[in-house]
Amino acid sequence: MSAVLNIDRDRLVLGTAGLAGLWGKVDEDESVKTILHALEQGITHFDAAPAYADAERILARALREWKGPQPFVSTKAGKLKSDDPGSISYDFSPAGIFKSAHESLQLFGRDQLDLLFLHDPPGMTVAEIPYAVEAMQILKRDGLVKDIGIGGNYGASFAPFVADNGFTHFMGFNRYNIVNQTARDAEFVQLHQSGIQIWQASPLYMGLLGNKLEHYTLTAPEWIPASDLQLALALKKQCDASGLSLTGLALQFVFNSSCINKLVLGASKLSELKVSIQLLEDPLLRDEALKLLS
């Protein structure tokens, strides 16, 4: 039996969008089992959002069944509930943010949220930004949330609000992975200078580095640059020739990056979570990722 790495589970976050069925139909009971398995495996950070279908409710249900210490829970405000990832609506008004936070507190049965992200900053108009930021600060000041964060890649209009406004965490996606490190020399510089922790979601680039590579090759979505797609195909060819998992290498790349504080896993069922953990425990994949990082 090959050696297994003893990884730092505290650096893993289980995202719940997939478990809530945002990317396809799921079995809610299995989603709950997946969350409970994550807890049993020592994963203590979980992320949800009102915009992720029924993610908050499903996570809350699992945590009510959990008999151990309650984990760290983050959720979001600003982007509204949707069962369809293509349907996007927002309410960044202070009243909307307060309402969202109170509803999350009620769902989780808590007096304080561990972390509340301002969800999808590019969805705000320039005029809305200062009022939304102030609403987040008020929630923190009043003790309803312990910390506040920036939930999603932000553009130039939000950049002036990143520092000195109380944000302690940032969750990015698609701009830092094994084929695209755009964020490293852009947002990450400002975030590190501001002492903000970086959580990286979608390490598999929305499936490009997982089970959707063939699909994206046939029908490439507009948000994937052609150069990223070609690099993914080249890496897949190299991995196949070496007997390595491209998915595992992609996970290890982000997990072992010195600029990343936490890796957000996005399993949609129990088997996917188990495979992700196994891949992260593989020393050969870790060593290959370290070579790429160096």
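Me: Let me start with Cys259. Is Cys259 buried or exposed?
Reply: Cys259 is buried, with a relative accessible area of 12%. Keep in mind that this is a predicted model.

Me: And what about Cys239, buried or exposed?
Reply: Cys239 is buried, at a relative accessible area of 3%.

Me: How many disulfides does the structure hold?
Reply: First, the general idea. A disulfide is a covalent bond that joins the sulfur atoms of two cysteines. Now this case. Searching the whole structure turns up zero disulfides.

Me: How should I read a nonpolar core?
Reply: In soluble globular proteins, nonpolar side chains tend to be buried together. Here, the largest nonpolar core has 88 residues.

Me: Which members of that core touch the most others?
Reply: They are Leu14, Ile35, Leu118, Phe158, Phe188 and Leu208. By element, helix 8 gives the largest share of this core, seven residues.

Me: Take Phe158. Which residues is Phe158 in contact with, leaving aside neighbours within four places in sequence?
Reply: Phe158 contacts Leu118, Pro121, Met124, Ile129, Val133, Ile150 and Phe167. There is also a second, separate core of seven residues. Among them are Val13, Leu115, Trp199 and Ala201.

Me: Now a helix. Which residues of helix 9 are buried?
Reply: The general idea comes from the turn. An α-helix has 3.6 residues a turn, so residues three or four places apart point the same way. In helix 9, residues 270-280, the buried ones are Leu270, Leu273, Ser276, Ile277, Leu279 and Leu280.

Me: What do the buried residues of helix 9 pack against?
Reply: take them by kind. The helices are helix 1 (28-40), helix 8 (246-255) and helix 10 (283-293). The strands are strand 1 (12-15) and strand 8 (262-265).

Me: Step back. How many helices and strands are in the protein chain?
Reply: The chain has 10 helices and eight strands. Its radius of gyration is 19 Å, close to the 19 Å from the globule rule for 294 residues, so the chain is as compact as a globular protein of that length. Its C-alpha trace spans about 55 × 45 × 35 Å along the principal axes.

Me: What share of the chain is buried?
Reply: Buried residues make up 50% of the 294. The accessible surface is about 13500 Å², and carbon and sulfur atoms account for 52% of that.

Terms used
Residues numbered from 1 in each chain as written. Predicted model: local features only at pLDDT ≥ 70, side-chain atom pairs only at ≥ 80, totals over all residues. Heavy atoms only, no water. Buried < 20%, exposed > 50% of the residue type's maximum accessible area, 1.4 Å probe, protein only. Helix = DSSP H or I, 4+ residues; strand = E, 2+ residues; numbered from the N terminus. Contact = heavy atoms within 4.5 Å. Disulfide = S-S within 2.5 Å. Core = buried A, V, L, I, M, F, W, Y, C linked by side-chain atoms within 4.5 Å. Rg over C-alpha atoms; globule rule 2.2 N^0.38 Å. Areas by Shrake-Rupley, 256 points an atom, 1.4 Å probe, with all protein chains shown as cover.
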